[in-house]
Amino acid sequence: MEREQTVAQHYTHGSLERAILDALAASGKDLDALAPADLAPVDELHIGGRQATIDFAAQLDIGPGLHLLDIGCGLGGASRYFAHERGCRVTGIDLTKEFVSTAEFLAKHVKLEAHICYQQGSALDLPFASGSFDGAYMLHVGMNIEDKARLFGEVRRAIKPGGVFGIYDVMRENDEGELSFPVPWASSPDMSFVESAATYRRLLEGAGFVVEKERSRREFAIEFFHQMRARAAQDGGPPPLGLHILMGASAPQKVANMIEILERGLIAPTEMIGRAI
Ligand SMILES: C[S@@+](CC[C@H](N)C(=O)[O-])C[C@H]1O[C@@H](n2cnc3c(N)ncnc32)[C@H](O)[C@@H]1O
């Protein structure tokens, strides 16, 4: 699909493994003794980073030994969190080839490859048999996917009845105003599909989920960016290891636009937890 290629292109860096290793070394990390959490400044590509993943995981009813599907896994920060900290087995799928190969490389580097596998593919056409997973989650991916009814239908098919499906996406809080671009998930409006929580709820229910929980993380996000800016001002710029590596030259503009539309009340990162009927 042409749109999927545009999205994958948007996220492709070109020499990501090298850039991450260089930044880890520049921030004083011993590359031969890395822990999964050392990667968190660069491998959690969503608002609030590692803390947001911890908070999100606390909302999910999951335990050790479950097999989870990570939809749009990116560099795999959340998959390594669920494997390392929660004892789950995780399969990650992502459109962007370079993210999948880098996720594999990083999982091997922190010795988690026996618990996680990554695959390149589309969330709209999941290459898994029905009922393959005990549960699924998706962090900051729905903003790139227009056909959310199909997305949720595919997730519902891939997980077992009773399985949990956790979402942490940027959602529309208010329709009164246009979003500014670029933002971290889209260079232009043609690859951005931010919807309201009400739309997510309706489409999840239509796909065979009961929505059990919903929580706007607006205040958390505003505080997160406030602290990020304060740290950068104090240190005279961002630290060597950060999401600017993934966002390229337009990183400052993407982040500034995102903060602006968050503060204007147009968007908010939001958790929604469903259960497959
Ligand atoms: C903002 S990143 C989030 C990555 C990861 N979930 C995280 O939180 O670190 C969005 C990811 O969704 C992936 N993505 C977008 N559309 C997709 C689709 N249709 N199928 C699979 N992955 C997709 C992108 O390639 C990208 O890795």
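**Notebook: serine, chain, ligand**

I looked up Ser101 and found it in helix 6, residues 97-109. Helices here are DSSP runs of H or I with at least four residues, strands are E runs of at least two, and both are numbered from the N terminus. I note that the model is predicted: local features need pLDDT of at least 70, side-chain atom pairs count only at pLDDT 80 or more, and totals for chains, interfaces and linings use all residues. Residue numbers start from 1 along each chain as its sequence is written.

Next I took the whole chain. I count 11 helices and seven strands. The C-alpha trace spans about 50 × 50 × 35 Å along its principal axes. Of the 277 residues, 40% count as buried.

Last, I turned to the ligand. It is surrounded by 26 residues, the closest being Leu45, Gly72, Gly74, Ala123 and Leu139. To be near, a residue needs its C-beta atom, placed from the backbone, within 6 Å. Helix 1 (2-11), helix 5 (77-86) and strand 2 (89-94) each give two or more residues to this shell. Helix 1 gives the most, four residues.

Methods: A residue is buried if 20 or more other C-beta atoms lie within 10 Å of its own, exposed if 12 or fewer, and partly exposed in between; C-beta atoms are placed from the backbone.
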